[in-house]
Amino acid sequence: MFKTVIRRAGKCAAVAAAGLMMMSAQAAEPIKIGSFLSVTGPASFLGDPELKTLEMYVEKINEEGGVLGRQLELIHYDDVGNASSARNFASRLIRSDQVDIIVGGSTTGATMAAVPLIEQAEVPFISLAGAVVITNPVKKWVFKTPQTDRMAAERILTDMKDRGITKFGLISGTGGFGSSGRTQTLEVAEAMGMEVVADVTYSGSDTDMTAQLTNIRNTSGVEAVLNFGFGQGPAIVTRNYAQLGMELPFYQSHGVASDSFLELAGSAANGLRLPASPLLVPDSLPDDDPQKEVVQNYKAEYEARWDSKVSTFGAYAYDGLMLAVRAMEEAGSTDPEAVRNALENIQGYVGVTGVFNMSPEDHNGLDPESFRILEVQNGEWKLID
Amino acid sequence: MLAEFLQYLFTGITIGATYALIALGFTLIYNASHVINFAQGEFLMIGGMATVSLTAMGVPMILAVVLAVVLAGILGIALQRFAIAPAKQADVVTLIIITIGASIFIRGIAQVVWGKEYHVMQNFSSDQPIEVFGAVLNSQSLWVLGIGAILVVGLVLFFTKTLIGKAILATSMNKEAARLVGIRTQMVLMLAFMVSALLGSVAGIVVAPITFTSYDIGIILGLKGFVAAAIGGLGSGVGAVVGGLSLGIVEAMAAGYISSDYKDAVAFSMILLVLFFMPRGLFGAKVVERV
């Protein structure tokens with residue numbers, strides 16, 4: 001409480017100061033926020049909502065007086081989902097645009113390509129990509145907003161355990177997302193004393209997974225099935241699962257946590273569970289959930305502005321930008337070292353993705369509980385836990 | 001044990017029938033012009049996507065299917081008329097590259113018009129799978145097999161019983177001679193592209209309820225179809241069917257009995273073996289050099 005009062009006072013002071021210094025404020029340099037995102041190309045479903053979110057909130061913050069009395073300026077490049085152009089653009093952001101902070105990197109590939117450069121230039125960087133490698137081991141200047149696939153695996157396996165399941169079959173895609181998810185699942189299962197009794201894969205271009213599922217079904221001791229994958233593959237798996245009449249509890253990963261998945265899988269999806277962002281069920285969150293208001297506001301504002309459905313990926317950019325703003329406010333300057341230290345010490349920032357508690361050992365700041373377990377019931381998401 | 005085997009077999013036959021239909025499209029154009037039309041997968045995509053978007057606009061399913069097939073047919077003619085024909089006496093390789101360019105172009109347009117999402121199409125009949133000896137069969141698979149069989153029989157009749165079909169065959173054997181006996185070879189080529197487009201679009205429509213459909217579905221299925229055609233021997237109708245079915249069955253068996261990781265490797269090793277011992281494919285025509 002005391003803290004927020006101070007912050008409010010600080011904001012008032014900042015606004016007042018900005019008002020007083022109208023003359024100099026116009027001359028004051030804007031704070032440069034750099035970004036490279038995959039707005040077009042194969043990963044455009046990530047980059048497109050991310051850029052829209054950044055544009056919209058930079059505008060909004062500027063209308064409300066900016067940060068530290070200075071306006072924000074978004075400098076953005078489209079890396080087309082290509083890691084080497086991501087690296088080039090990161091270099092341009094640092095060298096020629098001289099940005100104060102970078103919020104971007106839609107894919108793990110793009111992020112990791114830019115990381116060495118950013119570490120060397122010592123610019124704070126908030127990545128919007130998923131994989132564990134980005135923040136583990138911890139890199140001094142690199143932070144990220146989405147949960148890792150390891151957390152998703154932990155969340156799913158915990159839910160299984162709560163239902164008394166210890167042996168399950170795993171079917172995963174061979175793409176980057178699926179194979180990383182598979183590795184994490186195997187590790188987490190071992191750590192939690194659970195057993196993966198069947199482990200099969202499918203490639204991204206497969207149009208029928210009945211053979212793999214039959215294989216799992218005929219393995220003795222299978223108590224549940226988990227599918228780690230991305231794109232249309234999991235929807236086909238879900239349909240085949242229903243066709244085969246398999247009755248075991250069925251789990252999907254956060255990779256398909258979107259309404260378009262429900263549309264593709266149709267009635268076959270009924271009964272399956274997956275970990276997802278609260279953004280999918282903003283209205284069924286309990287009233288005492290601290291995220292409820294943030295999630296509802298983001299969804300309403302995004303949908304009003306762009307006239308398209310909100311996506312969890314855009315929410316990563318929202319959290320990235322807000323973390324950056326908060327760090328600069330707390331640091332009281334845009335000095336890279338100060339902003340980095342402030343970022344590392346952010347506690348209790350309530351975002352759309354989860355509640356962030358950063359520390360020198362954890363540059364992600366989320367825990368597995370930030371995923372909500374949802375179940376599909378009658379073609380709709382239902383909050384379970 | 002039997003149920004397991006049957007399950008893999010059903011899966012394989014369904015996928016295989018799809019490959020076979022696409023392979024037939026390749027065969028048709030190859031027969032008429034010796035061109036491998038890499039835009040074949042795009043016809044498939046047009047069929048599925050147009051049907052989905054038309055039904056979404058409220059057009060009845062049957063009418064949407066007919067319109068989608070007609071649209072693909074027009075596209076086939078346009079491809080020949082505006083991309084292949086102007087190249088006139090160009091090398092076959094050049095023409096193949098033109099078809100690759102055309103496929104990228106068509107895909108780009110589809111992406112702009114229909115967006116990048118995957119779309120669902122309802123099963124033609126019930127969603128309830130059919131159970132046979134403990135294995136389940138998607139009712140849509142029967143549609144794929146049935147329509148596939150009708151198309152194959154139709155094509156055979158077309159080539160052996162109709163004058164136009166024979167004209168296409170004649171043009172494929174010797175273009176100059178065909179022209180001398182009064183066959184309008186340009187017309188024949190256009191026709192071959194049209195029939196091939198119709199075939200592709202029908203395949204795209206019947207498999208869409210199983211595979212979903214999107215602007216880029218043609219790349220994946222088109223390539224597999226080409227592989228099937230190569231196994232069977234390019235230019236042979238029977239070869240296309242046998243090649244498609246065996247590719248599908250081998251894939252499914254490998255995924256089921258060996259390991260899903262090696263599924264594609266097994267399928268592609270099979271192709272290498274076949275082409276190694278029978279370079280012209282299983283049913284490929286003997287080539288006689290004309291001196």
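Me: How many salt bridges are there over all chains?

Reply: Side chains of opposite charge can pair when their charged atoms come close. A salt bridge here is a side-chain nitrogen of Lys or Arg within 4 Å of a carboxyl oxygen of Asp or Glu, and by this rule the count over all chains is 18. This is a predicted model, in which local features need pLDDT of at least 70 and side-chain atom pairs count only at pLDDT 80 or more, while totals for chains, interfaces and linings use all residues. Side-chain values use heavy atoms, without hydrogens and water, and residues are numbered from 1 along each chain as its sequence is written.

Me: Which residue forms a salt bridge with Glu375(A)?

Reply: Arg273(A) does, with the closest N and O atoms 2.7 Å apart. The pair links distant parts of the chain, 102 residues apart: Glu375(A) lies in strand E13 (residues 372-377) and Arg273(A) in strand E10 (residues 273-276). Strands are DSSP runs of at least two residues, helices (H or I) of at least four, numbered from the N terminus.

Me: Are Glu375(A) and Arg273(A) buried or exposed?

Reply: Buried means under 20% relative accessible area, exposed over 50%, and partly exposed in between (1.4 Å probe, protein chains only). Glu375(A) is buried at 12%, and Arg273(A) is likewise buried at 12%.

Me: What is the relative accessibility of Lys292(A) and of Asp287(A)?

Reply: These two side chains meet in a salt bridge at 3.0 Å, N to O. Lys292(A) is buried at 13%, whereas Asp287(A) is exposed at 71%.

Notes. Chains lettered and ligands numbered in written order.
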